[in-house]
Amino acid sequence: MMNDWKKSDSAIVPEKAANKGSSGPAELLEGRAGPKGNGVGQSPRRAQKRGSGSQAADRIRQAAKRNPEERLVALLHHVTVDVLHDAFHSLRKDAAAGVDGVTWDAYADGLEGRLADLCARVHRGAYRAPPSRRVYIPKEDGGQRPLGIAALEDKVLQRAVTDTILVPIYETEFLGFSYGFRPGRGTHNALDAVTVGIHRRKVNWIVDADIRGFFDNLDRDHMVRMLGKRIGDTRVIRLIVKWLNAGVMEGTDWSDTGRGTPQGAIVSACLANVYLHYVLDDWFHNTWRKRIAGGDTIIVRYADDFVCGFQHLGDAKRFLRDLGERLAHYGLELHPDKTRLIEFGRFARADRRKRGQGKPETFDFLGMTHFCDQSRKGRFRVGRKPSGKRVRRTLRRIKEELRMRWHDNRHDTARWLGRVINGWLNYYAVPGSSRDLQRFMYQCRRLLMRALRRRSQRDHTEWKDIVSLTAAHWPQARIRHPWPSQRLVVRT
């Protein structure tokens with residue numbers, strides 16, 4: 001049944017039912033991307049069997065819809081050699097290797113035999129999950145984010161189990177305001193949902209929340225019990241437990257804290273959504289909003305980052321208190337520095353002016369800074385622009401890369417920087433951000449001019465030369481995204 005409130009056929013901007021009614025939340029009717037195939041490098045025999053994984057996923061999805069309260073058994077037999085073959089070809093060929101050092105090309109040598117052996121070990125329970133290789137990437141706050149890189153064979157199996165079993169089951173369970181790591185949904189869908197929700201609902205207060213170290217502190221016992229609510233095949237549960245308990249390798253040292261799941265693993269994204277579905281989404285929608293909230297509420301979640309809107313300040317404060325207690329029960333906590341309660345909405349500017357306060361505060365969500373703005377006609381609207389932290393981080397990386405390209409041809413350097421800017425515009429060129437985009441490109445021109453001048457003391461590059469060079473190799477700073485109300489249709 002399409003557009004049912006519990007289904008994931010369409011995105012949802014949740015609303016509180018009027019007068020405690022029983023009507024479902026507002027639904028954001030958005031398109032879905034079709035399945036992505038990869039037919040490169042397949043033998044004719046395999047090409048004829050393509051689609052076996054999608055057929056198995058369809059059967060599981062239909063069974064999950066028919067029996068929403070029952071546990072599904074006999075699931076692991078859907079993981080066949082053909083499904084593993086599809087999973088292998090869906091992986092990136094240039095992906096980093098795990099602890100065993102095996103790359104995509106190396107595993108492709110003798111692929112049929114490798115996959116047949118892997119499938120046999122999985123079905124007789126002899127598969128052993130290798131530990132993930134620990135690497136670190138820099139965070140915006142100056143810290144480091146730990147990632148776990150699984151071995152390639154583990155990636156193949158995780159992709160097969162996730163796409164064939166887990167996603168079909170839980171896509172029928174997940175609520176519409178959950179956007180992270182779900183097929184057919186992306187960051188801009190979540191950003192549009194926040195904007196439309198604030199516009200269409202009576203939102204005066206915003207809770208910008210972040211769960212501290214979510215992937216590192218996820219409680220595995222709770223995770224297994226949550227999975228057991230829908231998965232009755234103990235072989236699938238045991239396989240997931242093997243992944244959870246595999247640990248990580250940092251250099252030559254193995255470690256396992258007994259909590260969490262490696263961030264970056266294929267299966268971790270789906271497991272994170274399952275965990276937060278029961279801990280946050282289902283509790284907020286079916287319990288807190290219907291029984292406790294006294295006014296309109298909205299929520300939009302992307303992975304472990306979520307934004308909630310409230311009509312009344314009392315509701316927002318109580319939600320923060322209740323949320324902290326609920327997260328503590330499941331071994332989690334809110335990040336004290338990244339979780340804020342701010343006044344935001346159509347009346348924020350006027351109310352703060354009456355109290356002698358400054359402009360309304362802003363909040364960042366998915367790389368965008370949201371602020372109270374006005375249209376040309378003086379009407380309230382949610383303004384969006386690239387986050388200052390993201391801009392500074394990108395400019396710093398461009399500066400470092402330009403230093404490595406001092407001796408390259410200036411046209412090659414300009415073309416490279418043009419590709420970087422094109423990617424930036426693909427994400428940040430949203431309506432209302434034209435000035436910020438122009439400012440970013442101006443800073444890029446300055447960095448390019450500085451790099452070209454420092455190549456030699458005799459270099460006499462002038463600003464007009466930079467303008468001519470960038471005009472030939474850079475894209476124009478045009479808006480590339482529609483207004484949120486145009487991309488998402490809200491049915492109330």
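This is a short chat about a predicted model.

Visitor: What kind of model is it, and which pLDDT do local features need?
Guide: It is a predicted model; local features need pLDDT of at least 70, side-chain atom pairs count only at pLDDT 80 or more, and totals for chains, interfaces and linings use all residues. Residues are numbered from 1 along each chain as its sequence is written, and side-chain values use heavy atoms, without hydrogens and water.

Visitor: How buried is α7?
Guide: Helix α7 covers residues 187-200. Of its 14 residues, 11 are buried. Buried means under 20% relative accessible area, exposed over 50%, partly exposed in between (1.4 Å probe, protein chains only).

Visitor: Which ones are buried?
Guide: Among them are H188, L191, V194 and I198.

Visitor: Is F181 buried or partly exposed?
Guide: F181 is partly exposed, because its relative accessible area is 43%.

Visitor: New topic. Where is A303?
Guide: A303 is in the loop between β8 (297-302) and β9 (305-310). Its phi is also positive, near 60°. A303 counts as buried because its relative accessible area is 10%.

Visitor: And R392, where does that lie?
Guide: R392 lies in helix α14. R392 counts as exposed because its relative accessibility is 53%.

Visitor: How far is R392 from F440 in space?
Guide: They are 9.6 Å apart, C-alpha to C-alpha, and 48 residues apart in sequence.

Terms used:
Helix = DSSP H or I, 4+ residues; strand = E, 2+ residues; numbered from the N terminus. Expected span 1.5 Å × (residues − 1).
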